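Thanks for making time this morning; I would like to walk you through one interface and then say a few words about domains. Please have the structure open while I talk.

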Amino acid sequence: MSAQPETAHAPDLLYSEAEEDLRSAVRSLLTARADAPAVIAATESATPYDQELWASLASGIGAAGLLVPEKLGGQGAGHREAAVVLEELGRGVVPAPYLTSSVVATEVLLALDPLGGPAGELLADLAAGRRTAVLALPFATPPAGARAAMAGGLERTVTTVADAAAADVLLVPTAEGLYAVGTAGTGVTVEPLVPLDLTRPLASVTLAGAAGALLAEAGPAAVAVERGLLSGAGLLASEQLGIAEWCLTETVRHTRERHQFNRPVGSFQALKHRMAQLWLEVVSARAAARNAADALAAGAPDAPLAVAVAQAYCSKVAVHAAEECVQLHGGVGMTWEHPAHLYLKRAKADSTAYGTPGRHHETVARLTELPAP
Amino acid sequence: MTAATDADAIRRRTQDLLAAHPPATTGRAEFLRARFDAGLAWVHYPAGLGGLGAPRSLQAVADAELAAAGAPDNDPRRIGIGLGMAAPTILGYGTDEQKQRFLRPLWLGEEVWCQLFSEPGAGSDLAALGTRAVRDGDDWVVDGQKVWTSSAHVARWAILIARTDPGLPKHRGISYFVCDMTDPGVEVRPLRQITGEAEFNEVFLTGVRIPDSHRLGPVGEGWKVAQTTLMNERVSIGGARIPREGGMIGTVAKTWREHPGLRTHDLHQRLLTLWVEAEVARLTGERLRQQLVAGQPGPEGSGMKLAFARLNQEISGLEVELLGDEGLLYGDWTMRRPEIVDFTGRDAGYRYLRSKGNSIEGGTSEVLLNIVAERVLGLPAEPRNDKDVAWKDLAR
Ligand SMILES: Cc1cc2nc3c(=O)[nH]c(=O)nc-3n(C[C@H](O)[C@H](O)[C@H](O)COP(=O)(O)OP(=O)(O)OC[C@H]3O[C@@H](n4cnc5c(N)ncnc54)[C@H](O)[C@@H]3O)c2cc1C
């Protein structure tokens, strides 16, 4: 693709009324069931995420099926709506397999033309929140790595697979094609790892003599995996936006209330300018994240560029906002009880997920024909 | 320069010490005691207190000779607060008795120290502290709560500031004490931090009795004494001498060299920028030391902690990204209570998280920048409405 001065698709960067309604529904559920103390407690427990909360989100609100057409058992909405859900999940650093199962795995299956057959069945289950599935690739794999992922056989170990510990099904890319492997079957070992971000569990997956159902041949599978990773990266930007927004809001609140030198510390210009700068970044991140969601929803030809731009930008904003949040909270920000650290860990891990900003810069360079020297 | 205090004299003394106590056959504690008594612990301290009254710069001569001979050191990491902060304050403000009592076990590492300064309501604005010390005969009775106290769980002694006159403006009603951490009124509770471990603590002081002989400096002048501690704290956090590629930059450079597969253009640019900045920070520290030796101390000291914090954070952040899949993992979240404060150890994730404290502990970067702006550049201070009001009348 060459750089086009004007893209055919005019993006809609605002939120619709329906999207705002969806946001309120998700937010009130999360406020009631996944506040900061609950999330901290969950990270210290052995369960990867709250099953009941997941059921309410996935099937109660119907969030799991947003990307899936009605005839395939979903809500027939799209990426713009799923992005709103992710903003809220980011705002609460909620442990839930939404990005991995309801976005990435779901998109992979959708791209396989799944009417009927095992892919269609699985898709309907994911959309209804009856099962969860994850793509068995390292969490750091960028969309550009999809083709390279189609290699090897079913015998393998894959590290840092996000949300695998509680998943029912693994989507495994091999040289022959894409397989669906049930995690409960023989020959499948899912070993939890110790993640930097405790709110998104990672596991090492080992397949040795496991049985799998072939969903697609290598060619179409590669296209589908790439589509899944592209959607994951694109909508991750909305999660990052939610993280950044929470960090800014909370920092503003804290520095307005915290008094030192007989005045609120937020009244020092040194801090005011930094928070104002963050605001500018959050505003910009919102535009980039909305653009990626809208381009994915529309199937726009420049979706890969929109996603790369959003990832290259929003990753940094989320990390910056979380780092400022810790710093401007002072000693409190360094403690375990205060949730700031959860956001920092999530933001930092997210900046590696589906490709680092540097990888996405390379994609931008390729797509815009601005090669390295 | 007198015979006792030039480099050759130091070298001779060091060789005498090594001859009388060969490191290979002398126990660690015995060697350290002999070193202290030979005046080679901190040569700029007075004779009898571990020093020779020599210029500070000559310590490097002794250290180099001792290191070359394989002599044990006094593990400055473990005793950082005592060495870097309590000792210079005791030296500056202590009575002869206090110096005799505290300095030797402190340097030998037999007694660990902590710093009971910060409180929930008084961090950057340390002078707003509310812990009370009330005179009772020959003792002071102390009540209050301290927070973020690193190493309180292993400390034998603490430097403590407390309010002795709430009727005076906040800077004038403070006194400075040495607090016995084994006093029954001292309760230390672990405070878990971002890294998962509990390196710092909350400390509750209830009817703690401190003899007046453990006061440092005059009653009501604790703020002035505390300034000495804080200045030394800043220098001791950012001021360590390191070789090229020492510290965090060395770790990430090694990772880079060993993992070609992880490289991207973006990371390369950032790595080189940080490499240059780390090298320049090292040179700035070196220049500062040379200025000190030449007797022209510059204000760069205030900048070293700022540079140290920013570099540690950016370099460790880069390393987490560089490591890709491995950077998504963490070594261990178990709540431990480490004996030493460890900035550079363990995995990249730990270093990244711990380094966030570097711009908060020992004075935040924002507060240090204010100090540079006002005291170094002479810019006008922010208007203040807290300086002349009695502490008890301040809004809290
Ligand atoms: C790892 C760690 C170890 C520590 N160990 C010890 C210890 O052993 N003993 C001890 O006594 N204390 C210790 N501390 C406490 C430390 O000194 C304080 O946390 C620090 O001084 C900041 O105070 P605060 O936490 O109350 O933040 P606050 O003072 O509430 O600051 C909040 C934010 O406001 C900013 N701010 C405040 N005032 C201004 C201003 N005038 N201009 C611009 N910005 C401003 C700060 O920079 C910060 O970003 C430790 C802290 C940490 C994180």
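How much area do chain A and chain B bury between them, and what share of it is on carbon and sulfur atoms? Bearing in mind that this is a predicted model, the computed value is about 4000 Å², with 60% of it on carbon and sulfur atoms. On the side of chain A, the residues that lose the most area to chain B are A:F261, A:N262 and A:M334, which together account for 19% of what that side buries.

In terms of residues, the contact draws 48 from chain A and 51 from chain B.

Turning to the polar side of the interface, 21 residue pairs across it are in polar contact, counting pairs in which both residues have pLDDT 80 or more. The elements of chain A that contribute two or more residues to the side touching chain B are strand 2 (156–162), helix 9 (269–298), helix 10 (303–328), helix 11 (340–350) and helix 12 (357–367), and helix 10 of chain A provides the largest share, with 6 residues. Sorted by class, that side of chain A has 22 nonpolar, 15 polar and 11 charged residues.

As for salt bridges, the count between the two chains is 5, including one between B:E321 and A:K348, where the closest N and O atoms are 3.9 Å apart.

Finally, the domains of chain B: the assignment gives domain 1 (7–68), domain 2 (83–100 + 110–220) and domain 3 (226–376), and the centres of domain 1 and domain 3 of chain B, taken over C-alpha atoms, are separated by 30 Å.

Technical notes. Residues numbered from 1 in each chain as written. Chains lettered and ligands numbered in written order. Predicted model: local features only at pLDDT ≥ 70, side-chain atom pairs only at ≥ 80, totals over all residues. Heavy atoms only, no water. Contact = heavy atoms within 4.5 Å. Buried area = accessible area lost by both parts, 1.4 Å probe. Salt bridge = Lys/Arg side-chain N within 4 Å of Asp/Glu carboxyl O. Polar contact = N/O pair within 3.5 Å; in protein donor to acceptor, adjacent residues only side chain to side chain. Helix = DSSP H or I, 4+ residues; strand = E, 2+ residues; numbered from the N terminus. Nonpolar A, V, L, I, M, F, W, Y, C, P; charged D, E, K, R; others polar. Domains from an automatic or database assignment.
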